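Trainee: Before we go through this model, I would like each term to be set against its definition, one pair of residues at a time.
Mentor: Then let us look at it together.

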2 protein chains.
Amino acid sequence: MGKTGKTAKNILFVMHDQLRFDYLSCAGHPHLRTPNFDRVASMGVRFTNAYAQSPVCGASRMSFYTGRYVSSHGAQWNGFPIRVGEQTLGDHLRRLGMSCWLIGKTHMKADTEGMARLGLAPDSVIGARQAECGFDAWIRDDGLWGEGPDGYYDERHSPYNEYLRSKGYPGTNPWADFANAGRDDDEIASGWMLANSDKPANIREQDSETPWLTREAIRFVDQATEPWCAHLSYIKPHWPYIVPAPYHAMYGPNQVPAPRRHEIEREDPHPVFGAYMGNRIAAAFRNDEARQKAVRAYMGLIKQCDDQLGRLLDHLEATGRMDSTMIVLTSDHGDYLGDHWLGEKDLFHEPSVKIPLIVYDPRPDADDTRGRTCDALVESIDLAATFVEFAGGKVPDHVVEGRSLLPLIRGESPAWREFVISEYDYSVTPQCTELGLEPRDARLFMVFDGRFKMMHAEGGFRPMLFDLETDPDEFHDLAKGNSHQCEIDRLYGCLAQWGRRLAQRVTRSEDDIKAMRGRSLRKGILPFLVDGSEIDEAFTARYRGRTRARFAEE
Amino acid sequence: MGKTGKTAKNILFVMHDQLRFDYLSCAGHPHLRTPNFDRVASMGVRFTNAYAQSPVCGASRMSFYTGRYVSSHGAQWNGFPIRVGEQTLGDHLRRLGMSCWLIGKTHMKADTEGMARLGLAPDSVIGARQAECGFDAWIRDDGLWGEGPDGYYDERHSPYNEYLRSKGYPGTNPWADFANAGRDDDEIASGWMLANSDKPANIREQDSETPWLTREAIRFVDQATEPWCAHLSYIKPHWPYIVPAPYHAMYGPNQVPAPRRHEIEREDPHPVFGAYMGNRIAAAFRNDEARQKAVRAYMGLIKQCDDQLGRLLDHLEATGRMDSTMIVLTSDHGDYLGDHWLGEKDLFHEPSVKIPLIVYDPRPDADDTRGRTCDALVESIDLAATFVEFAGGKVPDHVVEGRSLLPLIRGESPAWREFVISEYDYSVTPQCTELGLEPRDARLFMVFDGRFKMMHAEGGFRPMLFDLETDPDEFHDLAKGNSHQCEIDRLYGCLAQWGRRLAQRVTRSEDDIKAMRGRSLRKGILPFLVDGSEIDEAFTARYRGRTRARFAEE
């Protein structure tokens with residue numbers, strides 16, 4: 001027992017959606033103050049080189065939840081179901097006696113075909129967990145209740161819309177009409193349009209998504225049987241970019257960082273980069289007024305997240321749980337916000353693929369690192385391994401491809417990976433069509449060794465290469481010229497090594513294999529003896545003895 | 001309807017175990033006559049460059065049954081279960097209305113842990129198919145009923161032993177005591193010892209494994225509802241090397257091909273090759289007398305297989321099924337038989353990794369290629385794709401990684417692969433321990449482009465390289481010197497390309513993805529509009545309208 005006088009038991013795994021790594025004051029944002037994120041950073045370790053396995057919600061999250069690379073679990077984009085039977089945090093933690101709960105968003109799509117093939121009823125306990133990526137759902141709400149000519153984007157029941165209706169908001173979709181819309185006289189001013197992003201959302205602040213989900217988290221914590229892992233997964237600051245008062249007006253145009261972009265990026269760009277620069281999203285973020293409104297709302301949304309985080313931390317402290325709960329703050333990916341002439345995420349520049357990651361471990365052996373940063377190359381799959389170790393288990397490294405961060409958090413210097421990988425499948429996007437690719441070729445890979453970052457694109461394109469030491473803003477694509485072939489070759493070597501990784505031998509662990517050795521011999525498989533004298537008689541004894549002659553002679 | 005007057009319906013997918021590609025008269029064996037294999041070759045196409053996905057039973061078979069590379073399905077060695085939910089021939093063919101039966105061996109190990117995790121009862125239809133790699137078992141017998149100090153190698157019920165007991169063979173394991181043993185006066189002369197391989201097995205020929213399984217196949221065919229796919233999977237000519245009379249005496253020492261080996265292979269060999277040359281198996285095959293006895297028995301076993309194939313073909317002809325049944329003859333891998341100073345299989349020399357493959361398609365559009373050979377680079381995973389197409393389906397190429405051979409059989413010249421891959425996981429073997437490797441590093445990859453064959457070994461070893469044009473016997477490892485770096489780099493590039501393949505995105509087909517395009521927009525996800533004028537009003541209509549003001553103002 002350490003100085004806390006309590007055994008650490010629980011994991012509060014908080015994810016914000018589309019939260020840029022550098023939009024926190026502890027990460028150096030010039031104007032945005034996030035004292036509660038900073039408070040956790042001062043209690044724990046902030047990882048300054050943490051990367052999402054994919055800069056898109058669904059694929060990234062499935063990597064967090066399985067501890068496996070995107071090409072290993074195969075759910076390569078939003079709405080690509082993770083296949084039935086793929087092991088998740090829920091499988092690993094429940095085996096160790098820890099429950100595993102969801103409060104919020106996962107972007108999980110159930111593999112209903114696979115479940116039907118195996119006869120799994122969606123309403124059974126096993127079936128429900130399969131459908132929820134291994135979680136027991138305290139509340140599941142993915143927070144995109146869009147409606148179009150083809151119906152709702154998300155056909156599921158919306159707990160948040162139900163909550164809003166219970167509070168008197170009218171209509172079938174108050175998420176769209178109030179939580180994510182302002183008001184223009186008596187007309188809905190939809191938050192989908194960036195022109196409306198400076199308006200306050202037409203909702204009481206306490207009814208907006210972030211406070212609502214925080215209350216759900218507190219409600220969960222107050223009744224939960226320990227030990228638990230709770231994935232508190234906020235929908236914000238993900239678009240629509242609109243936030244209720246007073247957050248809508250907290251940041252003025254002068255507090256919006258200028259876009260980090262350079263004319264040289266538009267000169268002979270990599271074809272995939274070029275296609276993304278040409279899309280509607282990029283165009284919206286080149287509109288300075290629209291961009292300013294969006295970023296101001298984005299900052300307001302983050303400020304609201306920070307305030308709600310404070311409420312939650314206060315509650316944990318007040319109820320004596322701070323000493324027994326690991327707290328993790330992270331995001332599924334970033335947001336370009338106009339940097340590199342782009343909006344959204346998708347490609348591998350730092351604003352998109354790098355993620356905030358703060359880990360507070362209450363146990364005494366983490367005391368030496370409190371308030372520190374760690375610049376090790378971290379991947380989002382490392383959290384699953386970290387949680388398994390925290391829960392007292394041995395990381396099943398034939399299934400979970402990430403590595404536990406606990407040694408780093410204890411201040412040790414373990415042998416560590418030399419490069420990180422991220423992947424992006426853009427087969428569903430207009431850019432794939434525009435580039436004339438078949439879906440299977442619309443795939444990108446990032447290899448980053450801490451200094452050089454390479455993007456490989458399937459489909460016969462050249463790579464992209466950045467030197468973050470000399471060009472931290474990633475403006476100068478070194479693969480345009482003929483220089484740096486040596487770095488390119490080296491990073492291709494890393495990618496090839498990764499491509500040969502052991503990812504699917506999920507039914508036999510390293511220990512299982514060691515235990516199998518010699519088993520055939522012990523079970524009487526004795527081929528390739530000349531006369532039996534080569535091995536101990538104990539093995540051949542069963543094959544000696546008197547026999548009958550008649551069969552061969554009949 | 002073609003000239004046969006019948007629609008082709010069924011697939012007879014015959015596998016012999018450990019049958020070398022060149023131990024058939026149609027493939028040029030100097031002494032062994034296999035008129036029935038040759039008969040099918042004269043009716044169909046013989047593929048002269050067909051390769052097993054792994055030169056070991058279990059891994060290779062799982063690739064045949066899933067149409068997926070070993071690193072994709074993950075069952076990398078014997079006894080590594082294929083994971084629950086992995087799709088198999090049974091899934092693909094039943095979806096097309098074709099049943100899928102097993103008669104004989106699969107080497108499948110059920111993923112009992114995975115099944116328990118998903119609540120699948122082993123005795124349910126779904127559970128039984130999961131446990132049998134997708135097959136309905138007409139009969140399952142893997143044919144290795146060894147016994148040692150730790151009990152039986154295979155704990156399952158043995159239909160073959162039961163058959164032998166019903167015929168009056170005594171004891172619990174007549175497989176070992178009679179079918180795979182000779183007699184030395186009144187003593188068992190076990191077939192495990194090569195010194196006994198020249199003796200006749202102490203069993204009536206008609207009771208030995210190959211005729212027994214052939215009768216089972218005929219019994220299956222006579223009652224089966226069409227269309228069916230039947231995997232007739234013989235245990236022989238796999239060791240123990242012993243065969244009943246008269247086959248034991250059909251081939252004399254002069255008819256045994258000399259081992260293809262060269263002293264230069266033992267000079268500074270690749271460490272993995274060196275470790276294999278140093279094992280007990282290799283030692284047994286360097287004993288010339290033992291080798292001769294083994295090869296003579298092996299040839300006798302093949303001759304018996306050929307005779308039984310003849311019986312089966314005659315039966316198909318006599319019952320009018322020859323016009324409606326595709327017949328495939330192949331093997332899971334080869335057998336070194338002393339070549340390259342090795343016994344068994346495991347590495348990637350031709351005697352080990354190349355497989356016989358003969359495909360007879362009764363339909364008229366295959367008439368132009370009857371009796372021909374085809375030298376395209378074929379992989380064992382191609383059969384699953386071939387069967388799906390034969391059954392009238394579209395190959396689900398997001399799951400099945402092989403390519404249908406039917407275009408080649410129709411005499412077309414489709415764009416084809418430029419290299420084949422094979423893999424070997426030797427983590428369970430003594431060679432792994434001897435080389436001081438962790439299990440995950442005991443992995444080998446072969447890349448063969450039709451001329452150059454490279455072996456990559458994980459664990460920091462150099463590669464091996466052979467030029468089969470100038471050195472068809474594969475004696476001269478070109479990677480020993482400093483030459484050929486260009487070929488090595490090129491083949492590493494092929495391996496890297498393969499490593500990035502799309503293998504796990506099994507829940508979304510290429511067509512699914514194309515259909516998903518634009519779906520978000522049609523379902524009301526409209527981010528990154530500046531003011532909505534960018535898109536058709538139909539998409540934004542739902543987000544307009546009168547609203548209420550009170551919420552933001554309360």
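This is a predicted model: local features need pLDDT of at least 70, side-chain atom pairs count only at pLDDT 80 or more; totals for chains, interfaces and linings use all residues.

Trainee: What makes B:Arg490 and B:Glu487 a salt bridge?
Mentor: A salt bridge needs a side-chain nitrogen of Lys or Arg within 4 Å of a carboxyl oxygen of Asp or Glu, and the N to O distance here is 2.5 Å.

Trainee: Why is B:Glu487 called buried?
Mentor: Buried means under 20% relative accessible area, exposed over 50%, and partly exposed in between (1.4 Å probe, protein chains only); B:Glu487 has 18%, so it counts as buried. B:Arg490, at 37%, is therefore partly exposed.

Trainee: Which other residue does B:Arg490 meet in a salt bridge?
Mentor: B:Arg490 also pairs with B:Asp449, at 2.8 Å from N to O. B:Asp449 lies in the loop between strand E16 (443–448) and strand E17 (452–457), so this pair ties together parts that are 41 residues apart in sequence.

Trainee: What links B:Lys105 and B:Asp17?
Mentor: Their side chains meet in a salt bridge at 2.6 Å, N to O, although the two residues are 88 residues apart, in loops that follow strand E4 (99–104) and strand E1 (10–16) of chain B respectively. Both B:Lys105 and B:Asp17 are buried.

Trainee: How many salt bridges are counted between chain A and chain B?
Mentor: The count is 18, and one pair, B:Lys514 with A:Glu438, has its closest N and O atoms 3.0 Å apart.

Trainee: How do you know what relation chain A has to chain B?
Mentor: Chain A can be laid on chain B with an RMSD of 0.0 Å by a turn of 180 degrees and a shift of 0.0 Å along the axis, the copies being superposed by least squares on the C-alpha atoms of residues with pLDDT of at least 70 in both. That is the relation of a two-fold axis.

Note on methods: Residues are numbered from 1 along each chain as its sequence is written. Chains are lettered from A and ligands numbered from 1 in the order in which they are written. Side-chain values use heavy atoms; hydrogens and water are left out. Helices (H or I, at least four residues) and strands (E, at least two) are DSSP runs, numbered from the N terminus.
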